[in-house]
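Hello,

Here is the structure I promised to pass on. Please open it first, then read my notes below.

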Amino acid sequence: MVSESDNNESLFTPLQHYGPVTSLKIYQDTILCGYGPILRKFRTSDEISLISSQQIFTRNKIHGISTGFNKILVLGGRSFSVIEDEKPIVEKAINEWIITGEFLDENTLVLLTSHNVIYKIDLRTFELMDKIHCNEKSILYSGSIRVGENRTVVSAGTVMDGVIIWDLDTKEIIHTLTDHKGSIFCVKVDKDFKYIASCSDDRTIKLYNFQGDLLSEGWGHGSRIWNLEFFNGTNIISMGEDCTTRMWEYNNTDTLRQLEVIDDCHLGKHVWSGDIDTNHNIAVTGGADGRVRVHDLGILNKDSRTYTIEEIANDAEFTLAKNEAIKSFVELDSSNLVAITTTGKVLIFDEKWSVVVLSDDEIQVLGPKAILKQVPESNSVMISSQNGKILLLQFGKTVEKTWFDNDEFQGSTVTNLLISPGKEFFVMSDIPNPKIPFQVKKFSTDGGVSLVEKFTIDQPQQSRFTATSIKYDPVNNWLIIFSRHVTMMVYDLNEGKAHIFKKLTAGDTITSSTILQSQKGSVEFMITVRDGIYMVGTIKANEDSVTVEINMQNKLSRGFIEGGFFKDGDLILYGFRSTYFYVWNETKQLEITKELCGGSHRFWDLFVGENYKFVYLNKSTITIVRHRERFADYGLIYDGTHGREIRGLALSPETKDGSKLIVTASEDTVVRLGKLFEDGTVKYSWCMNNHISGMQDIKFITNEYLCSSAANEEFFIWKIGQLYDGTPIINQYASLKPSTSIPDLRIMDFAFLSNDKGFLIVTVYSDSQIKVWQFDQQAKSFQLLIDGFYTNCCLLNVNILQRNNKMYILTGATDGHIAIWRIDDLIERKITQLGKPIIKQQLHQSSVKALKVFEEPDHVKVITGGDDNALILSELKFDDIITWELKSFVKDGASATITSISGYGKRIVTTSVDQIVRLWEYEDGLKCLEARYTTVADTGCCDSGDINGCLSIIGGAGLSIWRH
Amino acid sequence: MGKNSKDKRDLYYRRAKEEGYRARSAFKLLQMNEQFALFDDISKVVDLCAAPGSWCQVLTSEIKKDKKIVAVDLQPMTPIDGVTCLQADITHPKTLQKILDIFDGEKADFVCSDGAPDVTGLHDLDEYIQAQLVLSALQLTTCILKPGGKFVAKIFRGRDIDLLYNQLNHLFETVICAKPRSSRGSSLEAFVVCLNYQPPKDWNPQLKLNQSTEEFFENVDIGKAKNVQYFDLNDDERSIVKFLACGDLNDGDSDATYTLDKERIVLPPVQMPTAPPYKEALEMKRKGLAR
């Protein structure tokens, strides 16, 4: 075995790393970020940017950063380093875990160990000056040191025994605070030595005065709280396992008041680190997802105005009718609001409310059920009366009024007025009676709004077509009408012919639609569905038919989606989650803003320009909330991967434009698709939520298709496509139906082979089952060809081998054996029972964790890695009989479980839970060429591929990309 | 996960309930015993971090001769016939004295620990805390185990497990990494089985109040990293030990899913879990007092 080599001569070159952000500190104008063993520095200004990234420690992660005297102390594990300008960085170490450290003065450093002992070190010589303890050496999870003018106080958060506050100079214990239950994960003393705050396993924050009296408690975190910090006196910011960051205020009561909650602050689980700085008015957080986010403390005082109806009447100088209230509103192009009251008064708001004068007759015609809508690109609104008369109001220096008539609706009433965007726009009056056609008018905005033509469209003869959104496509001259029940109609204006597409998916109302790209005979569109679904599809027309294809469909687990659009290449979605309105960036996976408005049962709208303006009614008030995005990329200053351990990853076979597609699947069932670039950067575009249980594996079948498997017998085939702008998209193409109504088997692995009908697929299960399927690509159906059991132990691996026109399957299992069956004859003779294996050979003591096959002309090389640390090369020969021969056995192929093997060229890469990645040659027996430590813990999967040379991507609690 | 699906997912969970064990971990000790004959010729046993007590259950039933079993845990434990339960801190000198008193001043033949902290998710920290727990168990062990005795402790196999292997190698003739089949293959859990305790000559290990594990092992060389001059980074001594999968292949696979009889009665667990530290926080959420 090869021991770890020096960084200089390594065959591995680390390119990029994404993983848990273990510490953050704002110092002067810099954000310092402990990113595994790497220290990243960002400049703090409104254009926050990465200044530098430097690996400080060889192995240890940076768990703490302290600053002072123009020096930076980084520490983690038993390592520490003091960084000063111009001086080389040297990794130092003590003999035990360091909890925290501070500079006492220019030349003195103090370190707190996990046994509650302080090391006092002379920074000029790095000599130990003193070891100080308070006679209480409980093991610590956390701690902090507050250095003051006259005193230094150590706060120790123990694993079992509460908080110990002690004086460094007197070595006396000041307080032992035992109010918390469970381990203490953070404890801090404020800068004036007036307060102590701590948090723990019990999910509370406790605020004490420095005399040790418990003043107040903060309840709200849904799981363990990892970190807290004082700001603005007694305010506290906290972050934890529940992925929230919370800000609290002490208002002299026994309960801390929650000022703000940032939900889904990071992906998956854990906000590990954070800091706050009131000079820059920012907070910064880091998560297990490897992301670093900056938050504007401006969220604590939102730009929000609420007007009561009385204030509005007073402002606009009109007399309120009994129970009069705002009924609805729209925004003009000038970004002024136009509102209509329940008595038909029309108001305009331009920093001041005023009445748009309508005659009594006009108000009479519009009636109490008038519908107000915005007219595109003309600074106008339309108001439809219940019986279809439409009043156009064009706002210029004066208000110009124009009336348009509709046909009589035989007593039926207009329930909605839909207007398409664009310079040429359509106005459609929806009538619930399906026998009465939709009344449609085409307008032009050239030189003021003018009516071009009027016509009707017969309603689909079904009672459930309720139009919710219309779009006009000028390229094909199509009017596209979206409805409830995820149904849509494409109305060809050339031929006057309607094409209806019912129930594109199970779901409720289409809440918004966007035309992404349109070409002759092909329109790409996106819709959002209230239930939380968004989908991208293409309407295709040829001489015979019009069809709709869904290219991508995903479900958000955040609540209801009321709308969505693309902005600067990002998909933005908005809607309601319980009593909140949210705006969510789906591409970047973060919440842009939210408003506690009471829920969706009210009139509201979101107006998007450069900023976001959310306006809503609440009883008799109207509230206008503006959100200005202070930072580029929504404050996401460093992007990451998954918030939980990555369990499977794969690179696309082909390299295109200097990148490969990458898919990663994590423990929290999320599948992400992105691109891996030559420099190791991963840029994700989608986060798919189709799986609902523990992921097992994900692999590409071809460049266009991939498969993934999980518990609950989930097995999906995915199809890769492309969005109009070239962004790769992924869609669930087919799924295997579980064998029972309550599936509890895990599909541990799968193998596949392209054939003329589609794919031959083998799935192996946690109950030792093996199933061979024919996937029919035309019918998108699976046909079970062969079924059988191996033993009753859990299968872990499967491969398909093709030798001499025969087909075999090769499995690996938890019993340490590999086994081989022949299947081509079974398929040919339509025998559905798998039977006994031809070969069953023990290779490992226990689980065959990794299995890699190389098909050579005259034999098959099988390389296996086990839970028993062994790496084994064996050869299979397929002559008249199959023979197995051991070629190479490396007992200590790792110091703990080998978890994956990936191959490229004549070399393989292995990963193991000892966090050493090894590069091997296997041609003439296994030979380890290189072994290098990775900071990715729980190292569980890898893949290799060529992007101008070989890259390997290593997954676990994070993702590292290395070149070799 | 419902009780029924947990039964299917986990053969040993179900079997533990059927056989009256307080936890499925009982089978891990049984399988290690099958492999290493741990219980042959022993009578005085210390079970550290013993709650809820499944290892004690195994020890009382499997050790046939005049046995003396002491169980130590910070948590209270439901009594077991033939086991002396001490609710005590394993690092405290008084605990050591109490055990010695129970053994009439004689030393133990076997010390075991199945203890593990709640993991945080920071793998390096979790591994460190687990190693600290093993070292805490080991320091008590060095004070109470007779030369030639055996020590078994739970470990997490991770980036620094070879440090711990190396340290144990300094004190025992044989150290093996054992993985019982009842321990899930998907888990990093394993056990160190340390045979033939051979303390360095002239070493008189002493538990003292307020002494860290580092200080305890300071005057004996077990290959632990030391503070070197100017705190320069020094290499750690690491070694790999033999791996042995324990338990018969036909014993059942903790990773496999088993088909269950539909008419089967789902048994309740033998012992209900104890109240977690966040019990009150859960109640506050439920009442809507915290969001």
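Start at B:D104: this residue follows α5(B) and has a positive phi, near 50 degrees. Helices here are DSSP runs of H or I with at least four residues, strands are runs of E with at least two, and both are numbered from the N terminus.

Two notes on reading this. The model is predicted, so local features need pLDDT of at least 70 and side-chain atom pairs count only at pLDDT 80 or more, while totals for chains, interfaces and linings use all residues. Residues are numbered from 1 along each chain as its sequence is written, and chains are lettered from A and ligands numbered from 1 in the order in which they are written.

Now the helix itself. α5 of chain B covers residues 93–102, and its buried residues are B:T95, B:L96 and B:I99. (Buried means 20 or more other C-beta atoms within 10 Å of a residue's own; exposed means 12 or fewer; partly exposed is in between; C-beta atoms are placed from the backbone.) Seen down the axis, the buried residues of α5(B) fall within an arc of 100 degrees, so they line one face. That arc is taken from the directions from the helix axis to the C-beta atoms. The face turned away carries the exposed B:K94, B:Q97 and B:D101.

Chain B as a whole has 9 helices and 8 strands. Buried residues make up 49% of its 291 residues. Its C-alpha trace spans about 65 × 55 × 35 Å along the principal axes.

One residue in chain A: A:G680 lies in the loop between β60 (671–677) and β61 (682–688). A:G680 is buried, with 20 other C-beta atoms within 10 Å.

Best wishes
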